[in-house]
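Keep the sequence and the model open side by side as you go.

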Amino acid sequence: MSGALHIHRAGPALSVQDLGRPGLMSQGIATGGAADRLALKEAAALLQAPCILPAIEMAGLGGSFTVTTPTRFALTGAVMQAILDGEPLGWNESHLLSPGQRLEVGGVLKGVYGYLTFAAPLDLPRWMGSVATQAGLGIGQMLTSGDSLPMQADPDAAAPTRRLAVPDRLSGGALRMMAGPQTALFAPETLERALATPFRRDAAANRQGVRLHHDGAPFPADDATALASDFICPGDVQMTGDGVPYVLMADCQTMGGYPRLGTVVAQDLPMLAQAPLGAELRLETITLEQADALTAAEAQTLPQLRAAAEVKLRDPYQIRDLLRYQLISGVTAGDDLDRD
Amino acid sequence: MEPAKTPTDAEVLPLGQTGVLVRFARHASPAATARCLQLRNALATQTIHGVVEVIPSLTSVLLQFDPTQTNRAAVAKAVKARFTPQDTAEDALPAPSRRWHIPVTFGGEFGPQLADFATLSGLSEDAVVTQAQETELRVLAIGFAPGQPYLGYLPPAWQVPRQRDLTPQVPAGAIVTAVRQMVLFCNASTTGWRQIAQTGFRPFLRDRAEAFLLQQGDALCLHHVSHDTYRDLMRDNADGMGGARLEVLT
């Protein structure tokens, strides 16, 4: 059985994302994928899916959705207003959407990128193994009002819905940075100053990169103008021509000529992606061994989240239309067990 | 770019959590690029366990590894054992295994900065067109945009810096030049390099059966055609080949 997702109203920056398409750097294509990759793992955990499902990434504003097949869905990442049948929906939870119901996702309340993930997998053509939209490269398109996307069936639409306790990553914080190929081009005192500087997330922020604002002097590198263009990767802290840090994100290019202070580890890029305008961000260095330990631990993230996603038990005081429920299905004399 | 000189000893450096970068020089030079392609070729025959991608650039080779199969230290150790020692390294690029022949048209509306470039390089326009065709170009790197090649190295007179102001838009197929290199744009683009020619050859087309045509190290020869011949080629160019021909070398 298969169905469709209808998008009746789309915010300005809705796109289908998964974990992207690694292995194409030799042809100038970055991995891409969700700006907040952790949100996709959280969604898979809430839906108890065996692997990452394609999600709708919603930057700033959501949309209006109906389905033709019943499906659970997860709301993760930036917290947004979400309403189903007049009821506000909890974030970092899974819910059920049935044909005839309309899911309305409004503006962002906290964070930047919200994710809507259906247990009925979006059934889209893959390119190089992925459905991720890399609009800047002409790979996929942003979603617009009136779009319909084919879906497979939810493998277990009757499964209980779940919730996940998620530590806050929507308010800025410390970005752990490992050394990169050009860290040594910066004088030690320049690096020290960068580590001591409180930055704020600048207005210039998108899927290519996030600019860090500060009021002090720029952070120059030696030999910066003559450097050959070389490989760059998401997390790189690039010092652009004006010496202002710009951290590369999922859809960055693959080669660049600006000097780079270091690389923010992948585990902290969700927090950077979700940092709202003006949020305080700091850089702190970690050793290569520490960075590699984070990489090794990453394989455990999804299993741990899956175990932590608990079945939602409804509190009767929270049920507005309690009297509609058939709480007692029969009354007897009370001697049933005594009778033959 | 510095004149050709022996690169410094290779440095093995981290690039992100799953990358090991071997850097032969910080500045582009034919000698540095030669060592990059030599190492890439060595790694094609002597593979390293857990390394999933080997990518050469003008000055470095990036090894992407799968952290579930190997680790940074093992990759770094294995790649060091595959270097050509500096004292025996050849400064010449290794011989190509493939050669592309690509029709291009120089000057006029298809190469609006040919005259500017000729003046800056001290060559006549005819000499620019002749030298561009006589040079066996190599794909030195692919990047900036999907499938987009950096080609070089052209003769020393082509050592012309980027222009100070960007050209707002050059069309798809534009061939632009600076610093002894050319770039062939797959898509319309802003650039600080000067456009001297245009081609129907598209190294990247998303929906073509073979989406990417070029590999690092490929040789590439430009063949000047008249503006009219170029227009004819463009009339039926759905495959993005632009009349190009591939010669496979032994």
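Which residue of β4(B) stands opposite Gly19(B)? Gln64(B) in β4(B) does. Before going on, note that this is a predicted model, in which local features need pLDDT of at least 70, side-chain atom pairs count only at pLDDT 80 or more, and totals for chains, interfaces and linings use all residues. Residues are numbered from 1 along each chain as its sequence is written, while chains are lettered from A and ligands numbered from 1 in the order in which they are written.

**Exercise 1.** Work out the strand order of the open sheet in chain B and place the helix that packs on it.

*Solution.* Start with the elements: helices (H or I, at least four residues) and strands (E, at least two) are DSSP runs, numbered from the N terminus. Two strands pair if DSSP finds at least two bridges between them. On this basis, four strands of chain B line up as β1-β2-β4-β3, with antiparallel pairing. The edges are β1 and β3 of chain B, each pairing on one side only. From one strand to the next, the twist averages 20°. Within the sheet, five bridges join β2(B) and β4(B) in the antiparallel sense.

**Exercise 2.** Decide whether Ala132(B) is buried or exposed.

*Solution.* First locate Ala132(B): helix α4 (residues 125-134) of chain B holds this residue. Next recall the cut-offs: a residue is buried with 20 or more other C-beta atoms within 10 Å of its own, exposed with 12 or fewer, and partly exposed in between, with C-beta atoms placed from the backbone. Ala132(B) counts as buried because 24 C-beta neighbours lie inside 10 Å.

**Exercise 3.** Describe the contact between chains A and B.

*Solution.* Two residues are in contact if their C-beta atoms, placed from the backbone, lie within 7 Å. The contact takes 35 residues from chain B and 35 residues from chain A. On the side of chain B, the elements giving two or more residues are β1 (11-14), β2 (19-23), β3 (51-56), β4 (60-65) and β6 (137-142). That side of chain B divides into 16 nonpolar, 14 polar and five charged residues. In this count Ala, Val, Leu, Ile, Met, Phe, Trp, Tyr, Cys and Pro are nonpolar, Asp, Glu, Lys and Arg are charged, and the others, Gly among them, are polar.

**Exercise 4.** Sketch chain A and its two domains.

*Solution.* Of the 340 residues in chain A, 45% are buried. The domain assignment, automatic or from a database, gives domain 1 (2-166 + 309-316) and domain 2 (173-291) of chain A. Their C-alpha centres lie 29 Å apart. Domain 1 of chain A brings 19 residues to the contact and domain 2 of chain A brings 12 residues. On the domain 1 side, α1 (37-46), β5 (71-84) and β8 of chain A each give two or more residues.

Technical notes. Axes are lines fitted to C-alpha atoms, for helices over the stretch in contact, and angles run from 0 to 180 degrees between N-to-C directions.
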